[in-house]
Amino acid sequence: MASGTSGAEPKVETFGKTKAGETVEIYTIGNESGFAARIMTRGATLVNLYVPDRDGKLADVLLGFDNVSGYESEGNQYFGCTTGRVCNRIARGKFSLDGKDYTLAINNDANHLHGGVERSLDKVVWKAKAFSSDKGQSVRLTYTSPDGEEGYPGNLEITVAFFIPADRNTLNISYKATTDARTPVNLTNHAYFNLSGEGSETVLNHRLRLNADHYTPTDDTLIPTGEIAPVEGTDLDFRTLHRIGARIKSVGETAAIGYDHNFVLNERAEDAEMTLAAVLVDPASGRRMRVMTTEPGIQFYSGNFLMGQEGKGLKTYAHRSALCLETQHYPDSVNHPDFPSTILNPGDVYESKTSYNFGVVESQDNDK
Ligand code: GLA
């Protein structure tokens, strides 16, 4: 697939049709260096992200599919989608709000995962519009989730905007939502990254740093116990760059079957809009990604359920051949009054921002 936009207007093409017959469009935004993203309207999904390596060579660093039917297949494990209304898990699919009990779909052990089954945000077709100025290019996607969709209260109006500035290899994602009834909201993007390029073997040799002194321990179904525990002395201590594969064997023997944990991000400086959440370095290509966010947490998931499915260009997506860094409020927050709240009130605006900035390193241990 061609990449880069050479400063041209954002491009819109037809990507295909859903099984239900809806047309899906795909937008390309980028800057003159060839850094570019493609976003489709099904699931407000990030399909491709072309990033230069240390020699300036572009590769697509995201797992995904070449067509809509790929995204509708069993092989799609939330690749690149906007995830919600509430990403991650809600224990037993139940919560109470203002004295009313709500029951959601159970789709992950005994729990609710990533907003439901049929009409979660990753599966619906969004409306989109592209914008361009001398500052950069963006595509803004909107969707109104009706009251009761997937069991959640309130008509929720959601906007997700993807922006690439003209002068930096950065992808910004900003989320906004409003509601007419109190409702939980927790949105993220579920991109699967392999900085050597999608279809490369594993990410076990990538180096990761997480700006987190604490994490949220869970039960065996990955529901937080409520405790906020230090990472110090555990295999979850990524406070300095660590090879992902170095300690994954013992984590693989736990209920999480690898890294699948919510990290509590260290507090940001008072005058900073976003926190540095993660730094990911691929020594082979030299690509380095920095994730900044307004969110209090990040789920580091090491692709433990990838199963060799066929992805773009008939490539095989092997076990642990990509990882996700899902910026978010903590899992099951709606059942944990002590966690930062995910409840959106009518009249308020849900706002969240995450930015992925790319650069290169010459040597594997340099995360500067
Ligand atoms: C999240 C979850 C994982 C898994 C993936 C999707 O990261 O935490 O357990 O469900 O999504 O496969």
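Reader: Why is His114 called buried?
Author: Buried means under 20% relative accessible area, with exposed over 50% and partly exposed in between, for a 1.4 Å probe and protein chains only. His114 has 5% relative accessibility, and therefore counts as buried. The model is predicted, so local features need pLDDT of at least 70 and side-chain atom pairs count only at pLDDT 80 or more, while totals for chains, interfaces and linings use all residues. Residues are numbered from 1 along each chain as its sequence is written, and side-chain values use heavy atoms, with hydrogens and water left out.

Reader: What makes the phi of His114 worth noting, and where is His114 placed?
Author: Its phi is near 55 degrees, a positive value in a residue other than glycine. His114 lies in the loop between strand 10 (112-113) and strand 11 (127-133), where a strand is a DSSP run of E with at least two residues, numbered from the N terminus.

Reader: Is Arg320 buried or exposed?
Author: The relative accessible area of Arg320 is 12%, and so Arg320 is buried. Arg320 also has a positive phi, of about 60 degrees, although it is not a glycine. Its place is the loop between strand 26 (316-317) and strand 27 (324-328).

Reader: How do you know where empty space is left?
Author: Rolling a probe the size of a water molecule over the atoms shows this. On a 1 Å grid over the protein atoms alone, a cavity is a set of points where a 1.4 Å probe fits but cannot get out, whereas a pocket is an open set with protein on both sides within 12 Å along at least five of seven lines; lining residues have an atom within 4 Å of a point. Grid points are joined across faces, edges and corners, and a volume is the space filled by probe spheres set on the points.

Reader: How many cavities of 30 Å³ or more does this rule give?
Author: The count comes to two. The largest cavity holds about 40 Å³, and its lining includes Asn88, Asp260 and His261. Strand 21 (residues 260-264) gives the most to that lining, with three residues. The second largest cavity has a volume of about 30 Å³, and Val86 and Tyr330 are among its lining residues.

Reader: What is the volume of the largest pocket?
Author: The volume is about 810 Å³. Of the 33 residues that line this pocket, the closest to its centre are Asn76, Gln77, Tyr78, Asp122 and Lys123.

Notes
Helix = DSSP H or I, 4+ residues; strand = E, 2+ residues; numbered from the N terminus.
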